[in-house]
Amino acid sequence: MTGPGFRRGSALALAIFGVASARFAVGAGETAETVSHDAETARMLRRRLEDARAFRAQGRGEAAEGALRRGLAIDPDAAALHRMLARLLAEDGRLEEAAGHRARADALAPPLPPPPDTPLRADASDVLVILVSPGPSDEHPERTAANWPEGQVARVLEDRLRVRLPGASVVHASLDRVALAHRWLAARKPRVALSLRAERSWCGETLKDGAFALVWLRAGAAGPGIPTAGPGIVRQVVEDPPAGPTCEREATARALEQVFALPDVASALASSATLPSKGIWTSAGVHALFPDIARGVAAEIESGRARLAQGDLLGADLAFRRAAHIDPHDPDVRAYLAEVDASLDLLQAVTAPGPGPAGTLGPPGQLDARPTPAQRRAAEARLREERRLGDDLLAALAVLDEDRRPPSGPILDRLRPVDIQDPEAFGPTTARSRAGGPVEARAAYAPDGAALARYYFAAGGTAPLLREEDTNGDGLPDRWILYRGGSRREVWEDSGGRGRPDLRLVFAPGGDPLVRIEFDSRGSGHPERVFRYADGSLASESRDTTNDGRLDRVDHFDGDGQLREREEDLDGDGQVDLRSFYRAGRLERREVAKPEQAPGES
């Protein structure tokens, strides 16, 4: 938890906190200087809190307590610090002192009232509640499938449903076909059915956010004669939950109350007494109650589309027929089946022997650029990875808004001159290059004596050229912000503690928007990856795939973030040798400038 990722996360988390503080408007009697001071105070308190969490994770309880008490010396009314100190003292066996700090935290930031324990309806015997198994998920391994239905989330739901909907039937069921669902519902004859599935549940703590529990519930309501608008997702987070096996109890109970407040659910429960116990359950209603049906249909449609992209009409036809077995009335399935049937009829009428693989047509000498299944799977896996990385980068950049402008005049007047200990370090060297001559340094300090940031000025200058920070508290600078024209233009970060940056962010004049990100993890001075942005979206990525200091592959993306074209220089001569074209993120065709450079079929 103390590696490069944590150090950068700490810096970004501090930036987020500063942005939130700085966004409050200046009220009556306040000045820009007052607001800036409040923002700096909030930043220092956040730093003390994150330091305490880091020390606690390392087993350094005394250091963690010291960080919290230094923060409370700055602001005795910081509820988050009192709450963290109470948890720390309780773990150390100092229960009486812990109770005092917890009471102080509750007085400063009163907790929410407990969920209601009165029935939502006096008699809910006409209601069927279906608890659906979450099912496996590679994307969210913290899902509750491993301990369902024995885990705490299922038990809390069952207990709360008995209190809030007395008399309702609560059953565990997961059906994956519309026909089965119709027979199952007809046998039970409910007037309304409520479906609940725990999409995610997690209880623990992080260095950034502290202790918290989260529960996501997917809910759907349906019944004969009830219009169904589709399922909804509720998300509940509880901060500072009790430790131990009851950690997720409050988050689960509050998530269920959010479900009851969903308009579709509230309307269905309110009107159930006037609905027939027999009637037609619509396909949309069945889908809302049993998400495995929609998931199965989507998976088969995706499989069929992949087969179509490969020209395998028979394979696509089988996939779409499997989807029809799950839901024969799904409009997309019916449309795809009709399309494949028409294509098969046309292929049978026009197919003639040709130079390509069996069942394909093409003029002599034409390169069949369709990828093999293995190549397609590998390309799609890379695309998913790149999209995740792009999303993570954009999310991280949002926290830099705090540093768009250098400090105001009153804040600059408070800076103290400091010596430049290593004139050849990255910060002083960059500042001299920007100034075109000698530079001097001034620092901002917190009330407790901790250095917050160092600013470099041209000798005798009044406007800062560069801001330098130590975001992880190890005594070495690891973040630099270059200002031009009164706003940030470049940001560097050193995530490895090596004294030189491995990440560079370049912004347009005015401090926004972002135009480029460069990664130089080798420290060679030549980035191995460069992301370029246009209008806030990723436009292209260049990469050095051979580690020779040259960017030899460029990916271009469309407005939806999908890869549309890839250019590759395969022999290092600076010219494009291979172009690959994509549609909806899938490889469609290739153009080879030098046939001998074409990738082999493997």
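# Close-up views of a predicted model

**Figure 1. Arg-579 and its salt-bridge partner.** With a relative accessibility of 31%, Arg-579 counts as partly exposed. The structure shown in this and the following views is a predicted model. The side chain of Arg-579 meets that of Glu-567 in a salt bridge, with 3.6 Å from N to O. This pair links distant parts of the chain: Arg-579 belongs to strand 18 (residues 578–583) and Glu-567 to strand 17 (residues 563–568), twelve residues apart. Glu-567, at 19% relative accessibility, counts as buried, because the buried class covers values under 20%.

**Figure 2. Helix 5 and its buried face.** Helix 5 comprises 14 residues, 95–108. From its first C-alpha to its last it reaches 20 Å, close to the 20 Å expected at 1.5 Å a residue. Which residues of helix 5 are buried? They are Ala-98, His-101 and Ala-105. Viewed down the axis of helix 5, the buried residues fall within an arc of 65 degrees, and they therefore line one face of the helix. The packing partners of these buried residues are helix 3 (61–74) and helix 4 (79–91). Glu-96 and Ala-107, on the other side of helix 5, are exposed.

**Figure 3. Glu-65 in helix 3.** One of the helices against which the buried residues of helix 5 pack is helix 3, and Glu-65 lies in helix 3. Is Glu-65 buried or exposed? Its relative accessible area is 15%, so Glu-65 is buried.

**Figure 4. The salt bridge between Arg-102 and Asp-240.** Side chains of opposite charge can pair when their charged atoms come close. In this view the side chains of Arg-102 and Asp-240 form a salt bridge, with 2.9 Å from N to O. Distant parts of the chain are linked by the pair: Arg-102 is in helix 5, whereas Asp-240 is in the loop between strand 5 and helix 8 (249–261), 138 residues apart. Arg-102 is partly exposed, its relative accessible area being 31%. Asp-240 has a positive phi of about 50 degrees, although it is not a glycine.

Figure 5. Strands of a sheet pair through backbone hydrogen bonds, either parallel or antiparallel. Strand 4 (residues 210–222) and strand 5 run antiparallel and are joined by eight bridges. Within this pairing, Leu-217 has Val-234 of strand 5 as its bridge partner.

**Figure 6. Lys-189 in a loop.** Lys-189 is placed in the loop between helix 7 (178–188) and strand 3 (192–206). Although Lys-189 is not a glycine, it has a positive phi of about 55 degrees. A relative accessible area of 42% makes Lys-189 partly exposed.

**Figure 7. The hairpin of strands 12 and 13.** Strand 12 and strand 13 form a hairpin in which six residues lie between them. Gly-510, in the turn, has a positive phi of about 95 degrees. Five bridges pair the two strands in the antiparallel sense. Leu-503 has Phe-519 of strand 13 as its bridge partner. Strand 13 also runs antiparallel to strand 14 (residues 529–534), to which four bridges join it. In that pairing, the bridge partner of Ile-517 is Phe-531 of strand 14.

**Figure 8. The salt bridge between Arg-504 and Glu-518.** The side chains of these two residues meet in a salt bridge with 3.3 Å from N to O. The pair links distant parts of the chain, with Arg-504 in strand 12 (residues 503–507) and Glu-518 in strand 13 (residues 514–519), 14 residues apart. Arg-504 counts as partly exposed at 22% relative accessibility, whereas Glu-518 is buried, with a relative accessible area of 13%.

**Figure 9. A network of salt bridges.** Which residues are linked in this network of salt bridges? The linked residues are Arg-43, Arg-467, Glu-469, Arg-479 and Glu-493. A search of the whole structure finds 43 salt bridges.

Note on methods. Residues numbered from 1 in each chain as written. Predicted model: local features only at pLDDT ≥ 70, side-chain atom pairs only at ≥ 80, totals over all residues. Heavy atoms only, no water. Expected span 1.5 Å × (residues − 1). Buried < 20%, exposed > 50% of the residue type's maximum accessible area, 1.4 Å probe, protein only. Arc of directions from axis to C-beta. Contact = heavy atoms within 4.5 Å. Pairing = 2+ DSSP bridges. Salt bridge = Lys/Arg side-chain N within 4 Å of Asp/Glu carboxyl O.
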